[in-house]
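Q: I have a chain here that I have never looked at before. Can you walk me through it?

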Amino acid sequence: MMQTSLVNEVVKPRGTSPIKEDIEAAEIQLRKDAKIYWKQIETTYWELGRCLYEIFDGVPGPYRKNVGQSKEGRRALFAKWGYSTFGEYCVKELGIQQRTAENIRYAYYWFGIVLNLPEELVQQIKELGRSKVYILAGVASKEDVVTWMNVAKNLTFEELKKKVRDFKDEKVKY
């Protein structure tokens with residue numbers, strides 16, 4: 001049993017290696033940190049999708065209502081910043097592959113812009129994780145998004161991918 005001294009330092013029991021205990025504590029902390037950071041990735045992808053959408057679209061979100069939906073006279077921000085393509089911007093400036101960036105951007109675009117879901121549904125969608133959300137983008141409609149979310153919650157990514165493929169092939173209707 002560990003004892004605490006008056007200065008709040010852990011007093012190690014005799015016969016144990018302080019280095020070994022420190023390593024074990026660091027391993028436990030590392031395991032916890034990995035879970036925290038993974039969760040952050042799986043929730044911040046939505047914000048990254050918004051940024052990528054606005055960079056591609058050429059207008060930062062708060063100014064969209066001033067500019068309107070017309071693309072006339074607008075230019076993608078990545079081009080304004082000197083990149084010839086969205087893919088070049090993603091790889092050189094962000095260090096992510098174009099396909100990954102496009103998937104994240106499209107998921108945000110579908111659920112956030114096209115379906116314009118209320119915030120409570122957006123929160124539920126985000127919790128599915130970026131891979132499942134991307135698979136559902138373009139498939140889920142405003143009428144059946146809750147049904148698709150419930151299906152996605154109970155399936156692995158591969159199972160969901162197959163279910164969506166079957167749906168697209170009109171073999172199965174949900």
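A: What follows goes from the overall layout to the cores, the salt bridges and the aromatic rings.

Q: What kind of model is it, and how are residues numbered?
A: It is a predicted model, in which local features need pLDDT of at least 70 and side-chain atom pairs count only at pLDDT 80 or more, while totals for chains, interfaces and linings use all residues. Residues are numbered from 1 along each chain as its sequence is written, and side-chain values use heavy atoms, with hydrogens and water left out.

Q: How many helices and strands does the chain have?
A: The chain has 9 helices and 2 strands. These are DSSP runs numbered from the N terminus, with helices being H or I of at least four residues and strands E of at least two.

Q: In which order along the sequence?
A: The pattern reads β-β-α-α-α-α-α-α-α-α-α.

Q: How much of the chain is buried?
A: Of the 174 residues, 33% are buried. Buried means under 20% relative accessible area, exposed means over 50%, and partly exposed is in between (1.4 Å probe, protein chains only).

Q: And what area does the chain expose?
A: About 11900 Å², with carbon and sulfur atoms supplying 54% of it. Accessible areas come from the Shrake-Rupley method with a 1.4 Å probe, and for residues only the protein chains shown count as cover.

Q: What share of the contacts is between residues 24 or more positions apart?
A: Among contacts with a separation of 6 or more, such residues account for 51%. A contact means heavy atoms within 4.5 Å.

Q: Which residues touch the most others in the largest nonpolar core?
A: Phe111, Ile125 and Leu160 do, in a core of 28 residues. A nonpolar core is a set of buried Ala, Val, Leu, Ile, Met, Phe, Trp, Tyr and Cys residues joined through side-chain atoms within 4.5 Å.

Q: Which helices supply that core?
A: H1, H5 (98–114), H6, H7 (130–136), H8 (145–153) and H9 each supply at least two residues. H8 gives the most, with 5 residues.

Q: What does Phe111 touch?
A: Leaving out residues up to four places away in sequence, Phe111 touches Trp46, Asn116, Leu117, Ile125, Val133, Leu136, Ala137, Ala140 and Val145.

Q: What is in the second core?
A: That separate core has 11 residues, including Tyr83, Cys90, Ala101 and Ile104.

Q: New topic. How many salt bridges are there?
A: The whole structure has 5. A salt bridge is a side-chain nitrogen of Lys or Arg within 4 Å of a carboxyl oxygen of Asp or Glu.

Q: Which residue does Lys126 pair with?
A: Lys126 forms a salt bridge with Glu47, with the closest N and O atoms 3.2 Å apart. Lys126 lies in helix H6 (residues 119–127) and Glu47 in helix H1, so the pair ties together parts that are 79 residues apart in sequence.

Q: Are those two buried or exposed?
A: Lys126 is buried at 10% relative accessibility, while Glu47 is partly exposed at 32%.

Q: What about Lys92 and Glu88?
A: Their side chains meet in a salt bridge at 3.1 Å, N to O. Both lie in helix H4 (residues 86–94), 4 residues apart, about one turn of the helix. Lys92 is exposed at 60%, and Glu88 is partly exposed at 21%.

Q: Now the rings. How many aromatic pairs are there?
A: A search of the whole structure finds 14. Rings of Phe, Tyr and Trp (its six-membered ring) pair if their centres lie within 6.5 Å; planes under 30 degrees apart count as stacked, over 60 as edge-to-face and the rest as tilted.

Q: Why is the pair of Trp81 and Tyr89 called tilted?
A: Their planes are at 45 degrees, so the pair is tilted, with ring centres 5.8 Å apart. Tyr89 also forms an edge-to-face pair with Tyr83, at 5.5 Å centre to centre and 75 degrees between the planes.

Q: Which of those residues are buried?
A: Tyr89 is buried at 4% and Tyr83 is buried at 17%, whereas Trp81 is partly exposed at 43%.

Q: Where does the charge of Arg105 sit?
A: Arg105 lies over the face of Phe56, 3.9 Å from the ring centre. Its charged end also sits over the ring of Phe86, 5.4 Å from the centre. A charge sits over a ring if NZ of Lys or CZ of Arg is within 6 Å of the ring centre and within 35 degrees of the ring normal.
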